[in-house]
Amino acid sequence: MTITTTYGYADLRPLMSAMTGDEKHDVAATSTLDVLWVLYDQVLSVDPQRIDDPDRDRFLLSKGHGPMAFYAVLAAKGFLDPAELTNFGAFDSRLGFHPDRVLAPGVEIGSGSLGHGLPLGLGVVLGLRAQDRDRPRVVVLVGDAELDEGSNHEAIQVAGRWGLGQLTTVVVDNSSSSTGWPGGIADRFAREGWAVHTVDGRDHDALRRALTDTHPDRPLAVVAEVEPKEL
Amino acid sequence: MSAPTIATTMREQFVQTIDNALDTDPRVAVVLAEISADRFEDAARRHPRRVLNVGIREQAMVGVGGGLALTGLRPVVHSITPFVVERPFEQLKLDLGHQGVGAIVVSTGASFDYPTAGRTHMAPGDVALIDTLPGWTVHVPGHPAEVDALLRSALPGDEPVYLRLSERVNAEPLVTGPGWHTVRTGGEGVVLAVGPMLDPVLSATAALDVTVLYTATIRPFDAAGLRAAVHAATSDVVLVEPYLRGTSTHEINDALADVPHRALALGVRRDQELRAYGTTEEHEAAHGLSPTAIAASIRHFLDGATR
């Protein structure tokens, strides 16, 4: 499927620069840029012409802070008017410092508080399955520090034990968790029954290969390693 | 299909009504965190993809409910009161309301239905907590038959609904539906009885010349119904709720903002954690919710108006 757009990867940073009100989140925003681009450009079956199609793939941005890269990708792919980006964070804007699904087209969940996306994504998978919609994928993006939240582990365990192959978690790992993950993040998912890949979060080919390596009988976790968060 | 027989407890009625609904409404899905899972075993066999026991994971339970609703299903989320309201409160706020979706959240245990279990299994602040969230309907039924009617009316919708089950039941069901229902009329005061407090209130007010209004649906609050009753009697209002004292006082004051009035709120005490086991009756007495204590409070309040 070819998405007709005049925007490419090179346009994302200029689009992001249109949003100037949230500098403190700049590093966090940039950490997700390549993962988001690969997902929307090469992996997900989503289209601004069918944002309510029940058979669309779902992308749930759980790590809702620093959403500039997300908005830039949505603009590049036609979900948002790029002119809207300049109003980022204003009272009457649809684009806040944390995204709101009720306001912004193409945004599947409102997020900001960490640890909500994975349980919601688990529920979306179960809801699709209950309606015999076995094709759509549900991809949840979390940060490595976000995995500190125990609510994630509730969902990781259930999804692993129930073998929910429609669910994918992308962990953007910029080494920002204070306590870290002995043995690596992927090991933690693997122990719960997930298929796992750890890849360079800036390598588009590696991201695409990892994100498309789904298995019918187990969920997929892709750990996308990027440069450590600057303190 | 013949009308189902009514169970003897609210909890069994909830299971029976939802068990039937799973067969007839493909939107209905149940999310459990072990509590009551034994009661849904047969339903789970018939509908394995719509009866989901996520284990002892209450945050995931509510989050999954939110995700199910995002796909168009009608989730029913259930546990003992503190585990479904207090522990995953942010999930109720964000994974349902903030996402613009709803669920039917069903608690059991009320304020102190399991008194030997102690404080960990008590959550008398549940309705006050839900009341901080916009758009929720709150049902506080007083009889298993009311549970059936309230659930049947809630299932076809998409809105957030809190259904508060209790082991304490009134002898007879009353009509359900929004608003205050007049049980008795009198001239010296208006007594508002919520859910299972109706029988104790009727007993307490048997010798008093007061209007008694009943509701099994406390949110949205029926301000017009209260105003009409106050207009016909007096503006001395006694509120008797089976959860935290004064939970609905702000609704009374808003409803009567332009009417000089007095309001007395009875309910579970706020000023201390009652660290006791025993029986539900003993807890009611300790909180001033026995018929005798309610009668004394109402008399004292109304006498104050005439002095």
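Helices here are DSSP runs of H or I with at least four residues, strands are runs of E with at least two, and both are numbered from the N terminus. The model is predicted: local features need pLDDT of at least 70, side-chain atom pairs count only at pLDDT 80 or more, and totals for chains, interfaces and linings use all residues. Residues are numbered from 1 along each chain as its sequence is written, chains are lettered from A and ligands numbered from 1 in the order in which they are written, and side-chain values use heavy atoms, with hydrogens and water left out.

**Stop 1: a loop in chain A**

Select A:Ala18. This residue sits in the loop between helix 1 (12-17) and helix 2 (26-31) of chain A. A:Ala18 is partly exposed, at 24% relative accessibility. The classes are buried (under 20% relative accessible area), exposed (over 50%) and partly exposed (in between), using a 1.4 Å probe and protein chains only.

Now show what touches A:Ala18. Neighbours within four places in sequence aside, A:Ala18 is in contact with A:Leu85 and A:Thr86. Contact means heavy atoms within 4.5 Å. Then pick A:Asn174: its C-alpha is 24 Å from that of A:Ala18, and the two are 156 residues apart in sequence.

**Stop 2: the two domains of chain B**

Colour chain B by domain: domain 1 is 10-164 and domain 2 is 181-304. These bounds come from an automatic or database domain assignment. The C-alpha centres of the two domains of chain B lie 27 Å apart.

How many residues of domain 1 of chain B are in contact with domain 2 of chain B? The count is 26, against 27 residues of domain 2 of chain B. Together the two domains of chain B bury about 1,900 Å², 64% of it on carbon and sulfur atoms. In domain 1 of chain B, select B:Phe112, B:Asp131 and B:Val140; they lose the most area to domain 2 of chain B, together 31% of what that side buries. Buried area is the accessible area (1.4 Å probe) that two parts lose on being put together, summed over both.

**Stop 3**

A salt bridge is a side-chain nitrogen of Lys or Arg within 4 Å of a carboxyl oxygen of Asp or Glu. Across the interface of domain 1 and domain 2 of chain B, the rule finds 1 salt bridge.

Now show helix 6 (126-130), strand 5 (137-139) and helix 7 of chain B. These are the elements that give two or more residues to the side of domain 1 of chain B that touches domain 2 of chain B.

**Stop 4**

Over all chains the count comes to 30 salt bridges. Start in helix 7 (residues 144-154) of chain B, which holds both B:Asp148 and B:Arg152, 4 residues apart, about one turn of the helix. The pair forms a salt bridge, its closest N and O atoms 2.8 Å apart. Which of the two is buried, and which is partly exposed? B:Asp148 is buried, at 10% relative accessible area; B:Arg152 is partly exposed, at 38%.

Next, select B:Arg168 and B:Glu281. Their side chains meet in a salt bridge (3.3 Å, N to O). B:Arg168 lies in the loop between strand 6 (161-164) and strand 7 (181-184) of chain B and B:Glu281 in helix 11 (residues 280-286) of chain B, so the pair ties together parts 113 residues apart in sequence.

Finish with B:Asp19, B:Asp23, B:Asp42, B:Arg45 and B:Arg46, which are linked in a network of salt bridges.
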